[in-house]
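Dear colleague,

Please find below the structure that I am handing over to you.

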Amino acid sequence: MLLSEQCYKKIDRELAKYPADQRQSAVMASLAHAQVELGWVSPEVMKELADYIRMPAIAVQEVATFYNMYNLKPVGKHKITVCTNLPCALSGGERAAHHLKQKLGIDYRDTTADGEFTLMEGECMGACGDAPVLLVNNHRMCSFMSNDKIDALVEELKK
């Protein structure tokens, strides 16, 4: 087993939300639980989830590769995604991305040498009025990110 018993308990709670013949409806939540535990979703984890959910492995892979919230390769401890859709880009998103690239010494889709940070470019996060917007590890949205707020965020995450 690649996932812990605690992770499978969380997946079981997701599966319980659906009729027995609709177990595949829990695939997105199951992938998310696996990613929280492991940091990314490997092909082996996708296969294990497919067997557990009782759905074709290719169907799990299709979901995992369709949505950009799933990490299909190892990422840093802190994945920072910068919204660069047009409204955010025009409202400081490009500046925020440039500042992060300089501060971390990496480009998009790169990870710092110490494995702490991965920087990603993201599509609309539904918070255009809060631009520029960053998303940390797919769970924490940070709004109105000035250079000072970015610096503080990076320092906080380093701790």
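In what follows, helices and strands are DSSP runs, a helix having at least four residues and a strand at least two, and they are numbered from the N terminus. Please bear in mind throughout that this is a predicted model.

Overall architecture

The chain contains six helices and five strands. Along the sequence these elements follow the pattern α-α-α-α-β-α-β-β-β-β-α. Taken along the principal axes, the C-alpha atoms fill a box of roughly 50 × 35 × 25 Å. The chain has 159 residues, of which 42% count as buried. When contacts between residues at least 6 apart in sequence are considered, 59% of them join residues at least 24 apart.

The annotated cysteines

An unreviewed UniProt entry lists Cys83, Cys88, Cys124 and Cys128 under "binding site". These positions are spread over 46 residues of sequence, yet they cluster in space, with a largest C-alpha distance of 9.1 Å. From this set, Cys124 is part of the lining of the largest pocket.

Cysteine 88 lies in helix 5, which covers residues 86-104. Its relative accessibility is 2%, and because buried means under 20%, cysteine 88 counts as buried.

Cysteine 128, by contrast, is placed in the loop between strand 3 (117-122) and strand 4 (134-136). Its relative accessibility is 36%, so cysteine 128 counts as partly exposed.

Packing of helices 3 and 4

Two packed helices are described by the angle between their axes and the distance between the axes. For helix 3 (residues 43-53) and helix 4 (residues 57-66), the angle is about 125° and the axes are 8 Å apart. Helix 3 is therefore oblique to helix 4. The crossing of these two helices is right-handed.

Which residues meet where helix 3 and helix 4 come into contact? On the side of helix 3 they are Met46, Lys47 and Ala50, and on the side of helix 4 they are Ala57, Val60, Gln61 and Ala64.

With kind regards

Key: Residues numbered from 1 in each chain as written. Predicted model: local features only at pLDDT ≥ 70, side-chain atom pairs only at ≥ 80, totals over all residues. Heavy atoms only, no water. UniProt positions renumbered as here; feature names shortened; annotations may be inferred. 1 Å grid on protein atoms, 1.4 Å probe; cavity = no way out; pocket = protein on both sides within 12 Å on 5 of 7 lines; lining within 4 Å. Buried < 20%, exposed > 50% of the residue type's maximum accessible area, 1.4 Å probe, protein only. Axes fitted to C-alpha atoms, helices over the stretch in contact; angles between N-to-C directions. Parallel < 35°, antiparallel > 145°, perpendicular 65-115°, else oblique. Left-handed = near helix turned anticlockwise from the far one by under 90°. Contact = heavy atoms within 4.5 Å.
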